[in-house]
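Let's take a walk through this structure together. Have the sequence and the 3D view open side by side as you read.

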Number of protein chains: 2
Amino acid sequence: MIERIKSDSSKPQPVLVVGSVAFDNVITPHGSQEGILGGAASYCSFAASYFAKPLMVGVVGNDFGEEHLDRLRSRGIDLEGLQRDESGPTFFWKGQYHENFNRRDTLDIQLNVFEQFRPELPTNYKSAPYVLLGNIHPALQAHVLDLLEGDGAYVLADTIDLWIDIERDALLSLIKRVNLFVINDSEAEELTSEKNVILAGQKLRQMGPETVIIKKGEHGAILFHEDGLFALPAYPVTDLRDPTGAGDSFAGALLGRLASRDRRDFEAIKEAMVYGTAVASLTVEAFGCDRLESAGNSVIAQRVQELRQLIQVEQ
Amino acid sequence: MIERIKSDSSKPQPVLVVGSVAFDNVITPHGSQEGILGGAASYCSFAASYFAKPLMVGVVGNDFGEEHLDRLRSRGIDLEGLQRDESGPTFFWKGQYHENFNRRDTLDIQLNVFEQFRPELPTNYKSAPYVLLGNIHPALQAHVLDLLEGDGAYVLADTIDLWIDIERDALLSLIKRVNLFVINDSEAEELTSEKNVILAGQKLRQMGPETVIIKKGEHGAILFHEDGLFALPAYPVTDLRDPTGAGDSFAGALLGRLASRDRRDFEAIKEAMVYGTAVASLTVEAFGCDRLESAGNSVIAQRVQELRQLIQVEQ
């Protein structure tokens, strides 16, 4: 039983997380590592685990050792929804970051068991009140929504440029069904054909999701909500090591924080973005999930406090 | 006698502003205009005029008509320090903005009377308690400091990449003498050889100025002060017309606000950045100084309020 970060709610809720589980080889200007535990579901679940119990949905292959399952279990992540496919190895990605980490190239990608992945939900997952659709094919994201019972879940969806390029219609149909759509600035421009980030966010809301967050990397994130706008800077990271999983960590912590408070309103989303930003800043300070996984509640609380001070102006 | 934006000080102070006065031809993706009143001193003075009395130091040529002087006078700007050189025309700049305004090319530049400009201070300017060294040759900026009486002035200096390229030593020597150095992100990287904006800001402080602000355009600005960091997003502009003078307007309003409160502490600088950001957002919504000059106190107050809401998180 792990001790999660306290919230003001008497009934913290679990978070269903669906996404890829992967082994990554990552090359950065400062070094490289191979066989890193990665994938959206891993980062999202680790991040959410500081706030709420993650119910993890994904698939791993015949090379996914017990030590990796133990890492996830030790953060209190429920693995009943994690399928094991013995027919092949786990999803594999190899990428390289250049210069100031502003550009990333995918050097190799092997879907492996992920190619045949069809999410299934254990019975107790189907009523999850908070659902994080990590970056996978939008049709699979929609499939997970079809499996949910009732329509009371608060759904956050993430995506990447690949799906905008090759599955735009499926993505456009998916985002009509989500409450909170999280996307980065270049993807938002691609999806809306709008260069101005404020107009892009407004357009995205008109495309379906009631709430949109546009992530701007080192420049922070902007929230578009019917009650208003909110702009949050990034945590001032000075020791960037590996940006992989930053967006997943942001989304996981954000939705985990909402679930732990069981709130979905504008003020709660703003507050949860501070937590998401704090947790993402930890992820990027080491390769893979290492720093994210081991950070601890007090370091997160400290960064949240620093972020609050960073944006504090006297009235 | 114009009515300035109220401050909490019983003794608002004037602001000495030195910089170029120019006629600009500006081409943008949305249109172009010729013969616009521009230059750092114009933008800085107009912006400062909402808060404090600007004492303007610069030079104009034989083509600078009374109508332009009247525009400046009608904002309560003191022109005793504005020299007229009948030997030639006013400084001229022609520039073009591309695509999303992210890139600017100088198409033509004619120094004209600015080439022989040597700032002179009327007697009552020499004890100005707030001094804005707009972007001109760092040796001229230093010359203005030499003319000041006493060493009690709070000095803000701005620069551009040109001086980093060709007058680095003069610039490095100048910034040791200023209290607040304002620079944009690409210039900060160029001057410090540091790509990480947080580390660049820290390095700049080690180079002399006690306080540094790095401007990031649409991504806002970061304040580096001995009492801490402060990050402020840009105002969410959706109708960008002409970015010329945005940085000058930011600096002018910022120092004007400090002068109007007669404060120089961390909290006051943060609060003044909100005003600077609000005023700069108005400047870019029209060509030249048009919107800046005519905005009015209540529009500025409204944008300040919107900016405060934009960064508001419940405790």
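Predicted model: local features only at pLDDT ≥ 70, side-chain atom pairs only at ≥ 80, totals over all residues.

Turn chain B by 180°, with a shift of 0.0 Å along the axis, and it can be laid on chain A with an RMSD of 0.0 Å. That is the relation of a two-fold axis.

Next, where do the chains touch? On the chain B side, 25 residues are in contact with 25 residues of chain A. The elements of chain B giving two or more residues to that side are helix 7 (197–206), strand 13 (228–232), helix 9 (266–283) and helix 11 (297–310). As for the kinds of residues there, 11 are nonpolar, 7 are polar and 7 are charged. Of the interface residues of chain B, 100% are also interface residues in chain A, so the copies meet through the same surface.

Strand 2 (residues 22–28) runs antiparallel to strand 3 (residues 31–38) of chain B, and 6 bridges join them. These two strands of chain B form a hairpin, with 2 residues between them. To spot one of the pairings, find B:Val26, whose bridge partner in strand 3 is B:Gln33.

Strand 2 of chain B also pairs with strand 6 (residues 91–98) of chain B, this time in the parallel sense, over 6 bridges. Here you can pick out B:Asp24, which has B:Trp93 as its bridge partner in strand 6 of chain B.

Conventions. Residues numbered from 1 in each chain as written. Chains lettered and ligands numbered in written order. Contact = placed C-beta atoms within 7 Å. Helix = DSSP H or I, 4+ residues; strand = E, 2+ residues; numbered from the N terminus. Nonpolar A, V, L, I, M, F, W, Y, C, P; charged D, E, K, R; others polar. Least-squares fit on C-alpha atoms with pLDDT ≥ 70 in both. Pairing = 2+ DSSP bridges.
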